[in-house]
Amino acid sequence: MIEIGEDGRTWLLSGPTSSYALRLTDLDELLHLHWGPRITLADAESLAVLPGPPYRPFESRLDGREEYPVEGGPRFVRPALSVRTQERRGTEWRFEAYEADGDELRLRFADDGLGITLHYRMRGDVVERWVTLANEGPSLELLRADSATWTLPERDGWRLSQLHGRWAAESRLARSPLTYGEKVIGSRRGHTGHQHLPWVALDNGASEESGEVYGCALGWSGSWRICVAQLPDARVQISGGAGYDDSGLLRLEPGESFTAPVFAGLWSDGGFGAASRTWHAYQRAFVIPDADQDRPVLFNSWEATHFDISEERQRELARRAAEMGVELFVVDDGWFGARTSDRAGLGDWTPNPDRFPQGLKPLADDVHALGMQFGIWVEPEMVNPDSELYRAHPDWVQFQPGRTRTEFRNQLVLNLARPDVQEYLWEQLDSLLSSAPIDYVKWDFNRCFTDAGWPGEPYPQKLWVEHVEALYGLLDRLRAEHPGVAFESCSGGGGRIDLGVMARTDQVWTSDNTDPLDRLAIQHGFSQIHPARIMAAWVTDSPNAQLNGRSSSLRFRFVSAMAGVLGVGGDLADWSEPELVEAREWVDLYKEIRPVVQRGDLYRLRPPEGGLSAVQYVHGDETVVLALLQAQRHGEPVAPLRLRGLDPSAAYECHETGEVHRGAVLLHHGLRTGLRGDFDATVIRLRRM
């Protein structure tokens with residue numbers, strides 16, 4: 001709901017429990033009024049007439065109060081907008097008009113031919129903000145164009161939450177006191193990055209179940225930056241947008257425009273748990289494609305075959321996967337070009353004639369005949385120097401003239417900002433998806449930008465933005481032309497996870513680390529912002545030869561992976577018959593609880609730091625608990641679990657024991673104790689009677 005003051009200069013956006021208010025002064029200063037519990041328009045107008053801060057030498061009366069601080073004038077805070085022309089830099093805008101169109105509020109400003117539109121949209125209790133810049137004047141350079149600046153109320157003792165990590169250890173939650181100055185996180189790598197997810201949260205004493213939490217998440221899949229600043233007067237502002245530094249985003253010629261990505265924010269007074277559930281509901285309703293459709297159980301051939309692919313071996317794996325109850329069979333890297341190792345073939349997206357002499361269609365048809373969907377792996381933004389594509393077009397990659405072309409994993413990055421590269425990839429991928437009944441594409445991105453040059457281009461740094469926009473355009477075009485194909489975002493694991501790519505993909509690859517114990521912390525951090533519906537998780541072989549050599553039971557591996565979109569990635573040819581039978585039972589169980597896990601409200605009952613980790617999902621009358629015992633101290637019994645989100649007046653029957661529980665349910669979960677050299681796990685189901 002959008003409400004507007006009588007003078008047309010106060011605006012209030014409200015969701016079910018929260019409100020967001022701003023005010024334009026007579027001097028065309030756009031001030032932030034309120035973000036927090038739901039208020040009325042009269043409340044917002046009362047806030048608008050409160051006196052401003054007292055005058056202090058060497059300080060600005062606008063700093064910490066403006067809705068979208070620009071560079072120039074009486075300001076000293078980090079600007080959200082920095083513009084440079086041949087004559088000057090900075091912005092001195094004037095208000096032109098507002099528009100309230102459905103659920104979107106647009107505030108339009110202008111400065112010497114530059115049109116600046118601030119966009120606001122309330123979706124549930126999530127506020128979406130972004131900015132559009134349209135140039136009708138002389139050529140100008142956008143040094144910085146953040147999507148939004150968020151202003152928090154005055155509180156003591158702010159604490160900052162963030163998700164940090166590296167390859168195979170992504171999404172680890174860290175919380176620390178916020179101190180004066182700026183805390184900057186982001187990526188200068190050309191993609192979202194393994195090092196930080198573009199999300200922050202601030203609280204001043206919240207717990208999992210109570211207290212105020214403010215959260216912000218950026219929807220951009222390239223380089224990005226979020227800055228959390230505690231100003232000298234203790235006010236806190238959060239700015240964020242595309243690009244890591246202020247060296248330049250784009251040059252806008254007359255008639256050109258730039259639309260910044262969405263920077264979304266929410267307020268919750270129900271602690272971190274309620275904040276997460278609000279984020280999850282928002283993404284399922286407004287971000288993730290077809291989120292009401294449950295994702296299938298998949299098998300991926302990578303860990304079974306690596307590059308040693310043959311059509312016959314894929315058929316054998318498919319047969320075993322079908323017997324296990326798998327619903328989607330995926331052929332990973334190695335099916336195309338001269339791809340017998342990571343040294344060749346990237347860029348040549350046609351089936352290897354020795355391995356697939358009749359193309360992918362015969363295998364895809366066989367997979368469909370087994371009752372499964374068929375999927376493939378691609379990495380379209382990359383090229384090997386040893387490829388037909390690179391030999392034909394060495395100028396299509398990012399490179400700096402006169403400098404060595406850096407290779408990681410024996411590959412270079414295609415300059416997707418080039419229209420000819422975009423058209424080549426469209427033709428290759430469209431032909432591929434038309435050549436066989438392909439239902440799913442795992443889209444990988446296995447190296448960062450390093451030599452991000454564009455010889456001959458007058459403004460080469462624009463590739464940082466235009467590469468991402470071209471990626472979005474290509475995915476959108478493929479989805480429109482092939483609506484039955486699902487896409488997964490992967491970047492060496494969790495290197496490209498954000499609201500921008502999630503709007504165009506059906507699930508994301510959370511991490512290359514498939515160790516079930518390591519995954520508990522990764523999944524705990526991931527759940528702070530993103531829902532189980534999009535979180536892919538695999539059961540792989542034990543010991544975990546890929547990473548740490550740790551052994552774990554099939555039971556523990558399955559229950560850990562059932563917390564998201566279940567997949568299997570082990571070498572099924574080496575699994576014993578009892579293991580295959582047990583795996584079928586786990587897959588059958590997952591299919592029963594899948595609607596609850598993928599569409600339900602998540603409650604984190606026990607964090608993974610202790611001996612017991614437990615998560616709960618509630619969907620309608622159904623409740624599912626996944627409990628995993630990681631360690632015990634001196635054989636002590638495991639404490640019972642108190643469930644959340646249930647009707648205290650209702651009765652619930654436990655599927656596993658037949659017991660009836662009422663009120664705040666306490667479950668003695670029956671995990672085996674006294675185990676040595678192994679872990680235990682269990683699935684508990686309850687239904688409202």
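Which residue is the bridge partner of Val330 in E24? In this predicted model, in which residues are numbered from 1 along each chain as its sequence is written, local features need pLDDT of at least 70, side-chain atom pairs count only at pLDDT 80 or more, and totals for chains, interfaces and linings use all residues. Side-chain values use heavy atoms, with hydrogens and water left out.

The bridge partner of Val330 in E24 is Gly375. Strand E23 (residues 328-331) pairs with E24 in the parallel sense over four bridges; two strands pair if DSSP finds at least two bridges between them. Helices (H or I, at least four residues) and strands (E, at least two) are DSSP runs, numbered from the N terminus. From E23 the chain crosses through helix H5 (residues 361-369) to E24, and this β-α-β crossover is right-handed. Right-handed here means that, with the strands pointing away from the viewer, the path from the first strand over the helix to the second runs clockwise. E24 also pairs with strand E27 (residues 440-443), again in the parallel sense over four bridges, and Gly375 stands opposite Tyr440 in E27. Strand E24 (residues 373-378) is mostly covered, with five of its six residues buried. Buried means under 20% relative accessible area, exposed over 50%, and partly exposed in between (1.4 Å probe, protein chains only).

The protein chain is divided into domain 1 (67-287), domain 2 (298-512) and domain 3 (612-688), with bounds that come from an automatic or database domain assignment. The C-alpha centres of domain 2 and domain 3 lie 41 Å apart.

Another sheet is open and is formed by four strands in the order E1-E2-E3-E4, with antiparallel pairing. Its edge strands are strand E1 (2-4) and strand E4 (30-37), each of which pairs on one side only. Strand E3 (residues 18-24) is joined to E4 by seven bridges, and the partner of Ser18 in E4 is Pro37.

Backbone geometry was examined next. Phe58 has a positive phi of about 70° although it is not a glycine; this residue is found in the loop between helix H1 (41-48) and strand E5 (81-84). Phe58 counts as exposed because its relative accessibility is 82%. Ser171, also not a glycine, has a positive phi of about 60° and lies in the loop between strand E12 (159-164) and strand E13 (172-177). Ser171 counts as buried because its relative accessibility is 1%. A cis peptide bond, with omega about 0°, joins Ser542 and Pro543.

The count of salt bridges comes to 58, a salt bridge being a side-chain nitrogen of Lys or Arg within 4 Å of a carboxyl oxygen of Asp or Glu. One of them joins the side chains of Arg155 and Glu212 (3.0 Å, N to O). Arg155 lies in the loop between strand E11 (148-152) and E12, and Glu212 in the loop between strand E15 (196-203) and strand E16 (213-218), so the pair ties together parts that are 57 residues apart in sequence. Asp294 and Arg599 also meet in a salt bridge (2.9 Å, N to O). This pair links distant parts of the chain, 305 residues apart, with Arg599 in helix H12 (residues 577-599). Arg584 forms a salt bridge with Asp588, the closest N and O atoms being 3.0 Å apart. Both residues of the pair Arg584 and Asp588 lie in helix H12, four residues apart, about one turn of the helix.
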